[in-house]
Amino acid sequence: MTWRVVRATPDFFAHLDSHLTDERGPAGEPSTADFQAYELLPLVEEFASGWDDLPELIPGRPEYRILIKTGYLIPMISVVGQLAPDGAIDLTEIWIDLGGWAPVQQ
């Protein structure tokens, strides 16, 4: 199994900050810190170990891949990764859907 270096870009964190807040929401919605503590490492590991198995974001452009999954706290997460010239993967975008937030049962 090939493991790649994965880096979260400033754009990734800007997208994250646009979806979540610094504090938990009134109904217990997760904060940015909750996301970083519970969701980020599993996402990084999936990109690091499974890059070649992820679908292309744009058909015919294998340097862009997308991961869509449920998280521990987040009902739906979508992350875009881009293969950098040095072979690392840069996480560039994230979309989070808290629709009707409730912890995901796994």
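This is a short talk on one predicted protein model, from its overall form down to a few single residues.

Hi everyone, and a quick word on the ground rules. Residues are numbered from 1 along each chain as its sequence is written, and side-chain values use heavy atoms, with hydrogens and water left out. Since the model is predicted, local features need pLDDT of at least 70 and side-chain atom pairs count only at pLDDT 80 or more, while totals for chains, interfaces and linings use all residues.

Let's start with the whole chain. The protein chain has 3 helices and 5 strands; these are DSSP runs numbered from the N terminus, with helices being H or I of at least four residues and strands being E of at least two. Reading from the N terminus, the order is β-α-α-α-β-β-β-β. The radius of gyration of the protein chain is 14 Å, close to the 13 Å that the globule rule gives for 106 residues, so the chain is as compact as a globular protein of that length. That radius is taken over C-alpha atoms, and the globule rule is 2.2 Å times the number of residues to the power 0.38. Along the principal axes, the C-alpha atoms fill a box of roughly 45 × 30 × 25 Å.

How much of the chain is buried? Of the 106 residues, 36% count as buried, meaning under 20% relative accessible area, with exposed being over 50% and partly exposed in between (1.4 Å probe, protein chains only). As for contacts, which are heavy atoms within 4.5 Å, residues 24 or more positions apart account for 51% of those with a separation of 6 or more.

Now find helix H3, residues 40–50. Its buried residues are Leu-40, Pro-42, Leu-43, Phe-47, Ala-48 and Gly-50. What covers them includes helix H1 (10–19), helix H2 (32–38) and strands S1 (6–8), S3 (61–69), S4 (76–83) and S5 (89–97).

Next comes the largest nonpolar core. A nonpolar core is a set of buried Ala, Val, Leu, Ile, Met, Phe, Trp, Tyr and Cys residues joined through side-chain atoms within 4.5 Å. Which of its 20 residues touch the most other members? They are Phe-35, Phe-47, Val-79 and Ile-94. The elements giving two or more residues to this core are H1, H3, S4 and S5. Look at Phe-35 on your screen: leaving out residues up to four places away in sequence, its partners include Phe-12, Leu-16, Leu-40, Leu-43 and Ile-94.

Thr-32 lies in helix H2. Is Thr-32 buried or exposed? Its relative accessibility is 7%, so Thr-32 counts as buried. Thr-32 is in contact with Leu-16, Asp-17, Leu-20, Thr-21 and Asp-22.

Trp-95 sits in strand S5 and is partly exposed, with a relative accessible area of 35%. Trp-95 touches His-19, Met-76, Ile-77, Ser-78 and Val-80. Between Trp-95 and Val-80 there are 9.0 Å from C-alpha to C-alpha, and they are 15 residues apart in sequence.

Last, Pro-55 is in the loop between H3 and strand S2 (56–58). Pro-55 counts as partly exposed because its relative accessibility is 46%. The contacts of Pro-55 are Tyr-64, Arg-65 and Ile-66. Pro-55 and Ile-68, 13 residues apart in sequence, are 9.7 Å apart in space, C-alpha to C-alpha.
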